Amino acid sequence: MLRAGFDFTLWLVLDLVFLVTAVTALVMAAFAREDAYRAADKQTKAFWLIILGITVAVNLFVSVLFLSIAGLIASIVFFVDVRPALKQVSGGGKRGGSSSDGPYGPYNGGR
């Protein structure tokens, strides 16, 4: 009986983690610009919105572990591969300055 409660809690936590990951990836994919996907040489914005939308739907309505894991892998691919490329193309992460700026200001060549 104790194990059944633990198993239920574990699956509930896993389902919640899968769902939060998928929803976060879907929101980030939706807010990225369409031209950034083309410039980063990734699949189109519509492709990622469909894949991640299916992932959210599967995590909400279907309780099949295999499909949930496949959706988690799609979300991880978005976070690890697509999102950094989109940020690099869009100029995200930089707050201005030149390419010779170091962590404490501009590098002046030892002068």
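Mentor: A salt bridge here is a side-chain nitrogen of Lys or Arg within 4 Å of a carboxyl oxygen of Asp or Glu. Keep in mind that this model is predicted.

Trainee: How many salt bridges does the structure hold?

Mentor: One joins the side chains of R33 and D35. Another pairs R38 with E34, and K42 forms one with D81. The structure holds 3 salt bridges.

Trainee: What pattern does the protein chain follow along the sequence?

Mentor: The chain has 4 helices and 2 strands. Read along the sequence, the pattern is α-α-α-α-β-β.

Trainee: How far apart are the end C-alpha atoms of helix α1?

Mentor: Helix α1 covers residues 2-31, which is 30 residues. At 1.5 Å a residue, α1 should span 44 Å. The model agrees, with the end C-alpha atoms of α1 apart by 44 Å.

Trainee: Which helices do the buried residues of α1 pack against?

Mentor: Start with the buried residues of α1: F18, L19, T21, A22, A25 and A29. Their packing partners are α2 (34-39), α3 (45-61) and α4.

Trainee: Is S68 buried or exposed?

Mentor: S68 is found in helix α4, residues 65-90. Beyond its neighbours within four places in sequence, S68 is in contact with F18, V58 and N59. Its relative accessibility is 4%, and the cut-off for buried is under 20%, so S68 counts as buried.

Trainee: What percentage of the residues in the protein chain is buried?

Mentor: The chain has 111 residues. S68 is one that counts as buried. The buried share of the chain is 23%.

Trainee: How are R38 and E34 separated in helix α2?

Mentor: Their closest N and O atoms are 3.6 Å apart. R38 counts as exposed at 56% relative accessibility, while E34 counts as partly exposed at 33%. The two are 4 residues apart in helix α2, so the separation is about one helical turn.

Trainee: How many residues apart in sequence are the parts tied together by K42 and D81?

Mentor: The closest N and O atoms of K42 and D81 are 3.0 Å apart. K42 lies in the loop between α2 and α3, and D81 in helix α4, so the pair ties together parts separated in sequence by 39 residues.

Trainee: Is R33 buried, partly exposed or exposed?

Mentor: R33 meets D35 in a salt bridge at 3.0 Å, N to O. D35 counts as partly exposed at 35% relative accessibility. For R33 the value is 44%, so R33 counts as partly exposed.

Trainee: Which residues make the nonpolar surface patch of about 620 Å²?

Mentor: α3 and α4 each supply at least two residues of the patch. L60 lies in helix α3 and is partly exposed, with a relative accessible area of 49%. The patch is made by L60, F61, V62, V64, F66 and L67.

Trainee: What is the phi of D41, about how many degrees?

Mentor: D41 is found in the loop between α2 and α3. D41 is exposed, with a relative accessible area of 68%. Although D41 is not a glycine, its phi is positive, at about 60 degrees.

Trainee: What percentage of the accessible surface belongs to carbon and sulfur atoms?

Mentor: The accessible surface of the protein chain comes to about 8100 Å². The share belonging to carbon and sulfur atoms is 67%.

Definitions and conventions: Residues are numbered from 1 along each chain as its sequence is written. This is a predicted model: local features need pLDDT of at least 70, side-chain atom pairs count only at pLDDT 80 or more; totals for chains, interfaces and linings use all residues. Side-chain values use heavy atoms; hydrogens and water are left out. Buried means under 20% relative accessible area, exposed over 50%, partly exposed in between (1.4 Å probe, protein chains only). Contact means heavy atoms within 4.5 Å. The expected span of a helix is 1.5 Å times one less than its number of residues. Accessible areas come from the Shrake-Rupley method with a 1.4 Å probe; for residues, only the protein chains shown count as cover. Patches are made of residues with over 30% relative accessible area and no salt bridge: like charges are joined within 9 Å, nonpolar side chains (Val, Leu, Ile, Met, Phe, Trp, Tyr) within 5 Å.
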